[in-house]
Amino acid sequence: MATRKVEFYRHTVGADELASLKQTVDSLFLTLGPRVRELEGALADYVGGGVEAVGVSSCTVGLFLTLRAFDIGAGDEVICTPMTFVATTNAVIHAGATPVLADIDPRTGLLDPAEVEKAITPKTRAIIAVHLYGQMSDMRALRGIADRHGLFLLEDSAHGIEGMRDGYRAGHLGDAAVLSFYATKTMTSGDGGAILVRDPECAARLRILRNHGMSKDAAARHGGTYQHWDMLELGYKGALTDVEAAMLLPQLARVDAQRNARQCLVERYEGLLRDEPAVQLVERSGRSTHHIFALLVPVEQRDRVLRGLGERGIGCAVNYNAVHTLRYYRERLGDQNERLPSATDFGRRTISLPLWPEMPEDDVDYVAQALLAELSES
Ligand SMILES: Cc1ncc(COP(=O)(O)O)c(C=O)c1O
């Protein structure tokens with residue numbers, strides 16, 4: 001049994017969040033109210049570029065609501081990357097549309113714009129790019145393709161708000177970008193999400209769709225005498241709450257400092273692993289959020305290494321086995337391994353190592369040495 005334990009992830013929620021939560025608990029509103037608006041304003045200011053933020057209950061819900069806001073549904077195809085968490089493609093199916101997978105660039109794990117172009121049919125309505133591990137997709141190329149073919153471009157930015165590429169942030173080039181505040185993300189309230197969107201009409205519709213289709217939310221109805229509300233369209237229960245926003249506001253203030261701390265740890269990992277022939281580092285360009293530190297090992301060693309690291313007390317993950325290799329999608333889409341060789345291979349070889357902002361450097365060294373030892377054994 002291992003005596004040393006290195007967790008895969010540790011959150012940094014603490015005294016600042018407790019103070020902010022107390023302020024909300026002592027106030028009138030716990031659900032969609034002033035703290036959600038405050039967070040939405042702070043997220044919009046952080047991203048800049050005329051983007052508005054709409055707080056939602058998760059990234060999954062945010063992706064779904066955005067597809068609904070773009071009136072994407074039955075008969076429509078949405079091009080997605082297979083190197084993602086199932087939430088991306090599930091949201092497309094929940095909206096009634098069909099996910100069409102396009103292959104990735106094997107060096108970065110990101111959607112390959114040339115493959116996207118090949119996957120376009122007369123039914124294609126949208127592309128969803130995923131900023132895998134926090135490295136932004138090639139949004140300039142994808143925006144060009146979307147414009148040429150009259151498609152919506154969505155960003156699954158569950159892996160953080162702090163990324164930048166070619167001077168653009170999430171929400172600048174996509175028609176919408178969706179953040180996740182799930183328990184392991186770079187900012188967390190346990191669960192939660194936000195949609196970044198530039199079109200004010202779309203933002204207004206998303207605010208209606210996240211709240212049952214109601215014309216006014218509770219905070220807007222509060223004060224003065226009773227106000228009737230109307231139901232404008234069939235909406236959903238999908239808003240962020242003031243309790244969640246209260247937890248997130250202090251984290252947004254330190255999101256860059258924490259990202260920089262993760263970058264130092266990633267550089268340390270890479271320095272220790274770069275010369276190992278059995279390790280392939282994932283290529284990056286621009287400013288990654290460094291949400292996840294993933295690398296590739298030989299396919300025949302991957303599962304053995306995962307087990308060995310686990311036995312040494314090291315928390316690891318696989319982000320991700322490619323979507324089309326999972327049973328539901330195999331049954332729904334048929335065998336896509338030959339169509340998607342790069343994603344199939346990437347998904348079989350990837351391992352994510354422990355990373356969080358306050359991770360001791362000594363733990364990085366321990367994990368890297370353990371990985372090298374496992375690779376030489378198996
Ligand atoms: C790439 C990606 N997309 C979407 C999601 C879903 O986020 P949420 O749990 O907030 O719905 C995740 C969460 O892990 C993710 O990693």
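## Close-up views of a predicted model

View 1. Leaving aside residues up to four places away in sequence, Val197 touches Gly50, Val51, Glu52, Val54, Asp175, Ala176, Cys202, Ala203 and Leu206. Val197 and Leu206 also belong to the largest nonpolar core, where both are listed with the residues that have the most contacts inside it.

**View 2. The largest nonpolar core, with its 30 residues****.** Besides Val197 and Leu206, the residues with the most contacts inside this core are Leu67, Ile72, Val78, Val92 and Ile195. At least two residues of the core come from each of the helices α3 (59–69), α4 (86–94) and α7 (200–209), and likewise from each of the strands β1 (52–56), β2 (77–80), β4 (124–130), β6 (176–180) and β7 (193–197). The most is given by α3, which supplies six residues. Another core lies apart from this one and has 26 residues, among them Val279, Val305, Ala370 and Leu375.

**View 3. Helix α11 and the elements against which its buried residues pack****.** Within α11, which spans residues 299–311, the buried residues are Gln301, Arg302, Val305, Gly308 and Leu309. An α-helix has 3.6 residues a turn, so residues three or four places apart point the same way. The buried residues of α11 pack against the helices α13 (341–349) and α14 (361–377) and against strand β10 (350–353). After α11 comes Gly313, which has a positive phi, near 85 degrees.

**View 4. The loop that holds His228, between α8 and α9****.** His228 is placed in the loop between α8 (218–221) and α9 (242–253). Because its relative accessible area is 66%, His228 counts as exposed, the cut-off being over 50%. Ser215 and His228 are 13 residues apart in sequence, and their C-alpha atoms are 9.2 Å apart in space.

**View 5. The whole chain, as context for the close-ups.** The chain has 14 helices and ten strands, and its C-alpha atoms fill a box of roughly 75 × 55 × 35 Å along the principal axes. Its radius of gyration is 21 Å, which agrees with the value near 21 Å for a compact globule of 378 residues. Buried residues make up 56% of the chain, and among contacts with a separation of 6 or more, 72% join residues 24 or more positions apart. The accessible surface comes to about 15800 Å², with 52% belonging to carbon and sulfur atoms. The chain carries 41 positive and 51 negative charges, whose mean positions are 2 Å apart.

Terms used. Residues are numbered from 1 along each chain as its sequence is written. This is a predicted model: local features need pLDDT of at least 70, side-chain atom pairs count only at pLDDT 80 or more; totals for chains, interfaces and linings use all residues. Side-chain values use heavy atoms; hydrogens and water are left out. Helices (H or I, at least four residues) and strands (E, at least two) are DSSP runs, numbered from the N terminus. The radius of gyration is taken over C-alpha atoms; the globule rule is 2.2 Å times the number of residues to the power 0.38. Buried means under 20% relative accessible area, exposed over 50%, partly exposed in between (1.4 Å probe, protein chains only). Contact means heavy atoms within 4.5 Å. Accessible areas come from the Shrake-Rupley method with a 1.4 Å probe; for residues, only the protein chains shown count as cover. Lys and Arg count as positive and Asp and Glu as negative; His and the chain ends are not counted. The place of a charge is taken as NZ of Lys, CZ of Arg, CG of Asp or CD of Glu. A nonpolar core is a set of buried Ala, Val, Leu, Ile, Met, Phe, Trp, Tyr and Cys residues joined through side-chain atoms within 4.5 Å.
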